[in-house]
Amino acid sequence: RRSGSSEAGGRYRCYGLKHRQLVRLQGRDCSPFLQGLVTNDVEALVSGGRDSLYCHLLNLQGRTLFDVILYRLHKNQEEEPTILLECDATLLDAVQKHLKVYKIRKKVGISPCPDLSLWTILPFEQSSKTGNTLEVNEKKVVVCTRDPRTDAMGWRLVLSKIDNPLDIVPESHLGEIQDYHRYRYAIGIAEGVKDLPSGEAIPLESNLVYMNGISFTKGCYIGQELTARTHYTGVIRKRLMPVQLGNPLPPNSVPEKAQIVSESGKSAGRLRSYMGDVGLAMIRLAFANEPLQLRTAGDAPVQLKASVPDWWPSEEN
């Protein structure tokens, strides 16, 4: 594995997130417009209480269409509300189309941001002592905020494309994007259409509550009814969990949505995505503590073990 960046020392790794893109929303109706579309309470963001917000946009059946992070650009309530929406790069056109369908007469402009770049900053040594603030050259920063999903994901940084994060974040080095994906798989963070298939993924099974991505006290939004009903009356029997594979697998060596079985051959879930020997799988919680296995495209058995992430609420640990 190439590790030039890690041999360079330094406190932080900067990962360029080219698999994510940004859309700018600007106008006085930003808040009511987004409030009717996303799972979280946008008012906390627009009013200035929060710098960033994780949420999903759902379809009418309550399935996830897009996982997004919203960033506030306006500094105070006197300024025109301006929000950046981060989404999967392959769904950029679909996101804009979806937003424009519901815009109707609302005063909100929707435009892509080809002039901006998005980064994740992770401490080189993960520890509970990682502070909440990241020292940056603020003159050149568009957005710098803790990742709203969990502190374990470090900071999100938005810059002008012409700026280099190594000039903005002291004691930092560039990291390999594969290391970013392996890290988030290892701690169980889903991101993008491979992990959260559009029109298929169920928000509460995808840990939207644990990832601070939903409000059950806000007003109506598209897909709310099924999600609220599941939360208040249903039992969640499956969850997206990190899995450790018995041996590293090359890309495309496992069939899509490969079935995972228990030692006794009972269906225990399905693999969503993986990289090397770590991945994410939808696991039936009844089998979460058992030895599990799946089969490769060549029908070879692969052992795997699911785990409960440290950042989940303590009752699940």
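Helix α6 is followed by G188, whose phi is positive, near 85°. Helices (H or I, at least four residues) and strands (E, at least two) are DSSP runs, numbered from the N terminus. This is a predicted model: local features need pLDDT of at least 70, side-chain atom pairs count only at pLDDT 80 or more, and totals for chains, interfaces and linings use all residues. Residues are numbered from 1 along each chain as its sequence is written, and side-chain values use heavy atoms, with hydrogens and water left out.

**The sheet**

Five strands make up an open sheet. Their order is β8-β9-β7-β1-β10, with mixed pairing. At the edges stand β8 (141-146) and β10 (172-174), each of which pairs on one side only. From one strand to the next, the twist averages 25°. Two strands pair if DSSP finds at least two bridges between them. β1 and β10 pair in the parallel sense, over three bridges. Y12 stands opposite S172 in β10.

**Helix α6 on the sheet**

α6 packs on this sheet and touches β1, β7 and β9. Its direction makes about 100° with that of β1. Axes are lines fitted to C-alpha atoms, for helices over the stretch in contact, and angles run from 0 to 180 degrees between N-to-C directions.

The helix spans residues 177-187. Its buried residues are D179, Y180, H181, Y183, R184, Y185 and I187. Buried means under 20% relative accessible area, exposed over 50%, and partly exposed in between (1.4 Å probe, protein chains only). The buried residues of α6 pack against β1 (12-16), β7 (116-123), β9 (155-160), β11 (238-249) and β13 (267-284). Contact means heavy atoms within 4.5 Å.

The contacts in the table leave out residues up to four places away in sequence.

| Residue | Element | Relative accessible area | Contacts |
|---|---|---|---|
| Q96 | helix α4 (residues 92-103) | 10% | V23, S111 and P112 |
| S262 | strand β12 (residues 259-262) | 2% | A268, F287, E290, P291 and L292 |

Q96 counts as buried because its relative accessible area is 10%. S262 is also buried, at 2%. The side chains of S262 and S264 are joined by a polar contact of 3.1 Å. Such a contact is a pair of N or O atoms within 3.5 Å; within protein, one must be able to donate a hydrogen and the other to accept it, and residues adjacent in sequence count only if both atoms are side-chain atoms.
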